[in-house]
Amino acid sequence: MDDLRLAAPVQMDSIVDGPGVRMVIWTQGCHHGCLGCHNPQTHDIHGGILVAQADVIKEIEQASLQTGLTLSGGEPFLQAKPLIPIVKAAKKRGWNIWAYSGFTIEELMAHPEQTSLLECIDVLVDGKFIKAQKDYRLKFKGSKNQRIIDVQASLLKQRLIYSSYDKENQLL
Ligand code: SF4
């Protein structure tokens with residue numbers, strides 16, 4: 001099984017990285033270089049800690065009270081392959097899956113491996129963080145350009161469909 005490079009041990013009980021109570025995987029490594037990034041310590045692709053995929057799956061299987069899994073970072077889609085079995089284990093528990101990415105959904109869909117991870121995800125918050133479009137009132141995203149996308153509906157209809165979680169943001 002593949003190891004994952006994470007910025008920190010898996011986090012439980014987050015109430016800010018999507019709806020409900022969530023486990024969060026903070027991946028290590030990001031090349032997007034967004035000005036004003038809140039997590040610059042996650043950029044180095046050689047930094048962070050190596051964690052066995054099997055150990056993360058075990059944490060999912062043994063977790064209580066969590067209702068979802070969020071992939072964040074760093075850039076999670078740089079580790080799409082080792083993340084797929086982890087996301088599948090979370091889905092088996094009935095959790096909803098969110099992912100944050102500096103890539104747009106269109107960019108992700110141009111790559112088969114990243115598309116395979118995308119296919120396991122319910123909600124994607126996509127695009128780079130743009131400091132000039134930052135707004136503290138935004139829910140679940142940092143800047144206005146980012147989109148909260150209903151991935152499964154978008155894949156089914158082959159066009160971009162926003163998640164209902166982005167509705168309030170679009171009124172700002
Ligand atoms: S994609 Fe996220 S982690 Fe990467 S530089 Fe941009 S804000 Fe930071």
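**Close-up views: a helix pair and a sheet**

**View 1. Helix 1 and helix 2 cross in this predicted model****.** The axes of helix 1 (residues 53-62) and helix 2 (residues 80-92) come within 9 Å and cross at roughly 15 degrees. Axes are lines fitted to C-alpha atoms, for helices over the stretch in contact; angles run from 0 to 180 degrees between N-to-C directions. Helices (H or I, at least four residues) and strands (E, at least two) are DSSP runs, numbered from the N terminus. Helix 1 and helix 2 are therefore roughly parallel (angles under 35 degrees). Their crossing is right-handed: the near helix is turned clockwise from the far one by less than a right angle.

Residues are numbered from 1 along each chain as its sequence is written. Local features need pLDDT of at least 70, side-chain atom pairs count only at pLDDT 80 or more, and totals for chains, interfaces and linings use all residues.

**View 2. Helix 1 meets helix 2****.** From helix 1 come Q53, V56, I57, I60 and E61; from helix 2, P82, P85, I86, A89 and A90. Contact means C-beta atoms, placed from the backbone, within 7 Å. These residues divide into eight nonpolar, one polar and one charged. Nonpolar covers Ala, Val, Leu, Ile, Met, Phe, Trp, Tyr, Cys and Pro; charged covers Asp, Glu, Lys and Arg; the others, Gly among them, are polar.

View 3. Strands pair if DSSP finds at least two bridges between them.

**View 4. Strand 5 runs parallel to strand 6****.** Four bridges join residues 68-72 to residues 96-100. L69 in strand 5 has I97 in strand 6 as its bridge partner.

Definitions and conventions: Parallel < 35°, antiparallel > 145°, perpendicular 65-115°, else oblique. Contact = placed C-beta atoms within 7 Å.
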